[in-house]
Amino acid sequence: MIAVFVGPDAAMVRDATRRLAAERDPSGDSTTTFDGRTTTFGDVLTSAASAGFFGSGRVVIVQDLLARFGKAGSAGSKESADWGGLFAAIPPENTLILADASLASVPAAVKKNLPQDARVETGAPPRGEALVQWLANVAKAAGSRLDPETARLLAAKLYPQTWANQPNNPAFDRPPDLDTLRNEVEKLALAAHPDPITRDHISALIAAGDDDRIFRFIEAASAGRLKEAIV
């Protein structure tokens, strides 16, 4: 099995990797993790093609290899990336997980060689009401409560322009970071304990995020929405 997990959200990539690894190797005894920024392509291939311990399939997790070798013979590397050879060498009982939160999509050189049954997931964070529900779930897991209105206030304070919707121009996007949001909710839950998280807690403890009004102006003006741009 081959799985590719890309960002932009690091928490989603990390959680997807952890879930699949636990599913394929519950004990963790046959799981190997590589740092793709330093390992060689050959080492990854050798490990992923090798039989697992005790005759079981093995799980090979490689972090950040896609960005480094997204293009064969990428700049600064003397080693070529034979993606087709790597994917063809993996026996059915083994699992190769390529995880890279620094990328928002799978590089063309990788996608071209992926087998049809490969699992590909993009870690786009939730926005709008889905993000509000996610924040409430995090608060509950932290032993607190966060009502929808207060969750919207928190999201809007940290990501004022992008928490609800993705901008039309990706260059202006600052997607919600789930690790940051989780840390902030857990901090608020501790401060509020044993009471629910309130607007007062957010006002006192959360610094406002960047309100990139200039980007909103440029986007609206370039699209001809002059009334919106002037405001």
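Which strand is Asp100 found in? Keep that in mind, everyone, while you look at the structure, which is a predicted model. The answer is strand S4, covering residues 95-100.

Asp100 is buried, yet it has no salt bridge. The nearest side chain of opposite charge belongs to Arg37, and that is 8.5 Å away. A salt bridge would need the two groups within 4 Å. So what does the side chain of Asp100 reach? It comes to 2.9 Å from the backbone nitrogen of Ala67. It also makes a polar contact with the side chain of Ser102, at 2.5 Å. Leaving aside residues up to four places away in sequence, Asp100 touches several others, including Phe5, Val13 and Leu66.

Now for the aromatic rings. How many aromatic pairs turn up in a search of the whole structure? There are 3. Take Phe41 and Phe69: their ring centres are 5.6 Å apart and their planes sit at 75°, so we call this pair edge-to-face. Phe41 is in helix H2 and Phe69 in helix H3, so the pair ties together parts that are 28 residues apart in sequence. Both Phe41 and Phe69 are buried.

Phe41 also pairs with Trp83. Here the centres are 5.1 Å apart with the planes at 85°, so this pair is edge-to-face too. Trp83 belongs to helix H4, and this link spans 42 residues. Phe41 has 4% relative accessibility, while Trp83 has a relative accessible area of 2%, and it counts as buried.

Putting the rings together, Phe41, Phe69, Trp83 and Phe87 are linked into a cluster by ring pairs.

Notes
Residues numbered from 1 in each chain as written. Predicted model: local features only at pLDDT ≥ 70, side-chain atom pairs only at ≥ 80, totals over all residues. Heavy atoms only, no water. Phe/Tyr/Trp six-rings, centres within 6.5 Å; stacked < 30°, edge-to-face > 60°. Helix = DSSP H or I, 4+ residues; strand = E, 2+ residues; numbered from the N terminus. Buried < 20%, exposed > 50% of the residue type's maximum accessible area, 1.4 Å probe, protein only. Lys, Arg positive; Asp, Glu negative; His and termini not counted. Polar contact = N/O pair within 3.5 Å; in protein donor to acceptor, adjacent residues only side chain to side chain. Contact = heavy atoms within 4.5 Å.
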